[in-house]
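Reader: Could you take me through this structure? I would like to begin with the overall picture and then move to the details.

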Amino acid sequence: MRADILILGADELLTLDKQVGFSPVRGKDMGKPVIVTDGAVAIEGDRIVACGSTNEVLEDAEIHPGTTIIDASGKLVLPGFVDAHTHSCFVGTREDEFELRNSGVSYMEIARRGGGINRSVEFVRQATFEELLNATLSHLDIMLEHGTTTVEVKSGYGLSVESEMKMLEVIKEADRLHPVDVVPTFLGAHEVPPEFAGRRKEYLDLVISEMLPEVKRRSLARFVDIFCEEGVFDIDDSRRYLKSAKGLGFGLKLHADEMVSLGGAELAVEVGAISADHLVAISNSGIEALASSNTIPVLLPGTTFFLGLSNHAPARRLIEAGAPVAIATDFNPGSNFCPSMPMMLTLACVNLKMTVAEAITAATINAAFAIGRGDEIGSITVGKKADILVLALSNHRMLPYRYGVNPVLKVIKSGKVVVDFEKA
Ligand SMILES: [Zn+2]
């Protein structure tokens, strides 16, 4: 087969393939990745056409004058990271709230004082389309440099018909302009905006009766999400909203059981959500429900870290129950201002007690299934999109261990080398 790019001689190639094929990796299998030593990958156009040992791949590969050969000796090669939960479309920063939290004021208390999500809503409402687009593109640049090749981005800082549509149009344009693939999620039910203070049900009526049909009409989101949490939207609100969205054909996601155990995980399974996210306060019945369903638990270790919380999502219990755990950044200007997936791998190991292999599985193949793209990305599999990282590390155990610095050497996105720090 014709090879436009050949990656040869990787010390370790992690394919994240051949565990259970084209499906999420569940439970104990998450800790058993396929590791090819002296590994190679062949790419034609935007697709992976061969992978295996360097000898095997070289036997079949047809090299032509335009073939790019990448020497990966001494390097680690694995699929591009999939960041399955982010709020990357925003302007403005909230570093003063970070300082307040560190002096002992809680996230919820800061929100009550006029900070939190509604502060970002104010910034986003005032921003022009161009300002919001430029900020979003610069966030995607940093993510790509840190190895993220596909990212889910939520709306939810507009909270009016006009501003939510502006956000979703920005997200669509960012996807068109940027090498990173962007999967859009509508999160009109992120918070109750100030003009609806004390009138939560009325705001949710507006979201359901006006925003959802408009998002549908303009094909601006694949998924919808809701912040199901004490003091925000309760279980009944969430069920009503998610069932309406399902009726319109949207895939479903929930911010579930983040701070208080409301039964968000159980609701996610009941409505057939593709993912239930956060889950720090998930109940035992929630763990059982997720483990015996197709809903993917998406854990966000950067958020608990950055909020300075001592409770973490029960990753071990979820994995031992057989769930296909994913991890993501939750990148946002309030509760986690870190867009780096390698950093999340470290936090997943240190705070969630995941093994290195489990964390890598959670950041690639399982994350791809958490945004409905598992058939296309998330593993180095013949026929899938060529989204591949070459890291300046000799083995996968180095990845979370060498933390706080960027391990990326090259990023190949859709068959093109889009980041190359060796040339820089
Ligand atoms: Zn979130």
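Predicted model: local features only at pLDDT ≥ 70, side-chain atom pairs only at ≥ 80, totals over all residues.

Reader: How many helices and strands does the protein chain have?

Author: The protein chain contains 16 helices and 16 strands.

Reader: What is the radius of gyration of the protein chain, and what would a compact globule have?

Author: The protein chain has a radius of gyration of 21 Å. A compact globule with 424 residues would have a value near 22 Å, so the two agree. Along the principal axes, the C-alpha atoms fill a box of roughly 70 × 45 × 45 Å.

Reader: And what share of the contacts joins residues 24 or more positions apart?

Author: Among contacts with a separation of 6 or more, 72% are between residues 24 or more positions apart.

Reader: Let us turn to helix packing. At what angle do H5 and H6 pack?

Author: Helix H5, residues 129-145, packs against H6 at an angle of about 50°, with the axes 9 Å apart. The crossing of H5 past H6 is right-handed.

Reader: Which residues make that contact?

Author: H5 contributes Phe129, Leu132, Leu133, Thr136, Leu137 and Leu140, while H6 contributes Lys166, Glu169, Val170, Glu173, Ala174 and Leu177. By class, the contact of H5 with H6 has eight nonpolar, one polar and three charged residues.

Reader: What about H6 and H7: at what angle do their axes cross?

Author: The axes of H6 (residues 161-177) and H7 (residues 200-217) cross at roughly 30° and come within 10 Å. Angles under 35 degrees count as roughly parallel, and H6 and H7 are therefore roughly parallel to each other. Their crossing is right-handed.

Reader: Which residues of H6 and H7 meet there?

Author: On the H6 side they are Val161, Glu164, Met165 and Leu168, and these meet Glu210, Met211, Glu214 and Val215 in H7. The residues of this contact of H6 with H7 divide into five nonpolar, no polar and three charged.

Reader: A change of topic, then. Where is phenylalanine 227 found?

Author: Phenylalanine 227 is in the loop between strand E9 (223-226) and H8.

Reader: Is phenylalanine 227 buried or exposed, and why?

Author: Phenylalanine 227 counts as buried because it has 22 C-beta neighbours inside 10 Å, and the cut-off for a buried residue is 20 or more.

Reader: Which residues is it in contact with, leaving aside neighbours within four places in sequence?

Author: Phenylalanine 227 is in contact with Ala189, His190, Glu191, Val232, Phe233 and His255. Alanine 189 is 38 residues away from phenylalanine 227 along the chain, and their C-alpha atoms are separated by 6.3 Å.

Reader: Which residues other than glycine have a positive phi?

Author: Aspartate 38 is one of them, with phi near 50°; lysine 353 is another, with phi near 60°. Aspartate 38 lies in strand E2, residues 35-44, whereas lysine 353 lies in the loop between helix H13 (341-350) and helix H14 (356-363).

Reader: How many C-beta neighbours does each have inside 10 Å?

Author: Aspartate 38 has 17 and so counts as partly exposed. Lysine 353 has 13 and also counts as partly exposed.

Reader: Finally, where does serine 106 lie?

Author: Serine 106 is in the loop between helix H2 (95-102) and helix H3 (107-112). With 14 other C-beta atoms within 10 Å, serine 106 is partly exposed.

Reader: And how far apart are serine 106 and serine 261?

Author: From C-alpha to C-alpha, serine 106 and serine 261 are 18 Å apart in space, and they are 155 residues apart in sequence.

Key:
Residues numbered from 1 in each chain as written. Axes fitted to C-alpha atoms, helices over the stretch in contact; angles between N-to-C directions. Helix = DSSP H or I, 4+ residues; strand = E, 2+ residues; numbered from the N terminus. Parallel < 35°, antiparallel > 145°, perpendicular 65-115°, else oblique. Left-handed = near helix turned anticlockwise from the far one by under 90°. Contact = placed C-beta atoms within 7 Å. Nonpolar A, V, L, I, M, F, W, Y, C, P; charged D, E, K, R; others polar. Rg over C-alpha atoms; globule rule 2.2 N^0.38 Å. Buried ≥ 20, exposed ≤ 12 C-beta atoms within 10 Å, placed from the backbone.
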